[in-house]
Amino acid sequence: MLIALIIGIVVASAVAIAFSLRFTRPIKTMRKAASRIAAGDYDVRVQLEDKSELSELAYGLDHLASTTGSTVTKLKNETLKLSNIINNVTDGLAAYDTSLRLMTYNAALLKMCKEDYFQRPEIKDALVQVMKDGQVRTVNYDSKQGILVA
């Protein structure tokens, strides 16, 4: 009787381990894939061959990676287009964030400025006024007359 009990415990343990591995392996695979997606590898795919909820989750993760990768590619292309437009404008352009930190500028602006006028307090004040008004304005700096806002 004791031998039958031991055999039963061994068989039950083996079955329990097999079932647990059936669920933990796909979860580990999906966790690794999610980490790679988070790191920017949008080509990763999870291949599960069964028809369980885990395979549906894997399919959803694959779809997320695919659409995210496509969106990131489109955003990079649009950013490149915008950068090309900004750099090919013949007028000097500068873009500031809400804290008045210079985000981007074009080559024409560098040709116009021999010193960094955009860090001068009077220039910043004029730019803040233009931003508060919410209108497109031309801000000129004349070394004799100071700031001119048109």
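Throughout this talk, contact means heavy atoms within 4.5 Å. The model before you is a predicted one.

With that definition in hand, let me begin with Tyr105. Leaving out residues up to four places away in sequence, Tyr105 touches Ile86, Asn87, Leu93, Ala94 and Leu110. Tyr105 belongs to strand E2, which covers residues 102-105. Its relative accessibility is 38%, so Tyr105 counts as partly exposed. Ser83 lies 22 residues from Tyr105 in sequence, and the two C-alpha atoms are 9.4 Å apart in space.

Let me now step back to the chain as a whole. The chain contains four helices and four strands. Read from the N terminus, the order of these elements is α-α-β-β-α-α-β-β. Of the 150 residues in the chain, 19% are buried. The chain exposes about 11,700 Å², and 60% of that area is supplied by carbon and sulfur atoms.

Which residues form the largest nonpolar core? There are nine: Met30, Ala33, Ile37, Val44, Val46, Leu54, Ala58, Leu61 and Ala65. Helices H1 and H2 each supply at least two residues of this core. The largest share, four residues, comes from H2.

Asp62 sits in helix H2, which spans residues 53-88. Is Asp62 buried or exposed? Asp62 is buried, and it has no salt bridge. Its nearest side chain of opposite charge is that of Arg45, at 5.0 Å. Beyond four places in sequence, Asp62 touches Val44, Arg45 and Val46.

That brings me to the charged pairs that do qualify. Side chains of opposite charge can pair when their charged atoms come close. How many salt bridges does the rule give? The count comes to two. In one of them, the side chains of Arg36 and Asp41 meet, with 2.7 Å from N to O. Arg36 is partly exposed because its relative accessibility is 44%, and Asp41 is partly exposed because its relative accessible area is 25%. Another salt bridge links Lys81 with Glu78, whose closest N and O atoms are 3.3 Å apart. Lys81 and Glu78 both lie in helix H2, three residues apart, or about one turn of the helix. Lys81, at 49% relative accessibility, is therefore classed as partly exposed, and Glu78, at 45%, is likewise partly exposed.

Where does the model show a nonpolar surface patch of about 680 Å²? The patch is made by Ile3, Ile7, Val11, Val15, Phe19, Phe23 and Ile27. Of these, Ile27 is placed in helix H1, residues 2-38. With a relative accessible area of 45%, Ile27 is partly exposed.

That concludes the presentation, and I welcome your comments.

Technical notes. Residues numbered from 1 in each chain as written. Predicted model: local features only at pLDDT ≥ 70, side-chain atom pairs only at ≥ 80, totals over all residues. Heavy atoms only, no water. Patch = residues over 30% accessible without salt bridge, like charges linked within 9 Å, V, L, I, M, F, W, Y side chains within 5 Å. Areas by Shrake-Rupley, 256 points an atom, 1.4 Å probe, with all protein chains shown as cover. Salt bridge = Lys/Arg side-chain N within 4 Å of Asp/Glu carboxyl O. Buried < 20%, exposed > 50% of the residue type's maximum accessible area, 1.4 Å probe, protein only. Lys, Arg positive; Asp, Glu negative; His and termini not counted. Core = buried A, V, L, I, M, F, W, Y, C linked by side-chain atoms within 4.5 Å.
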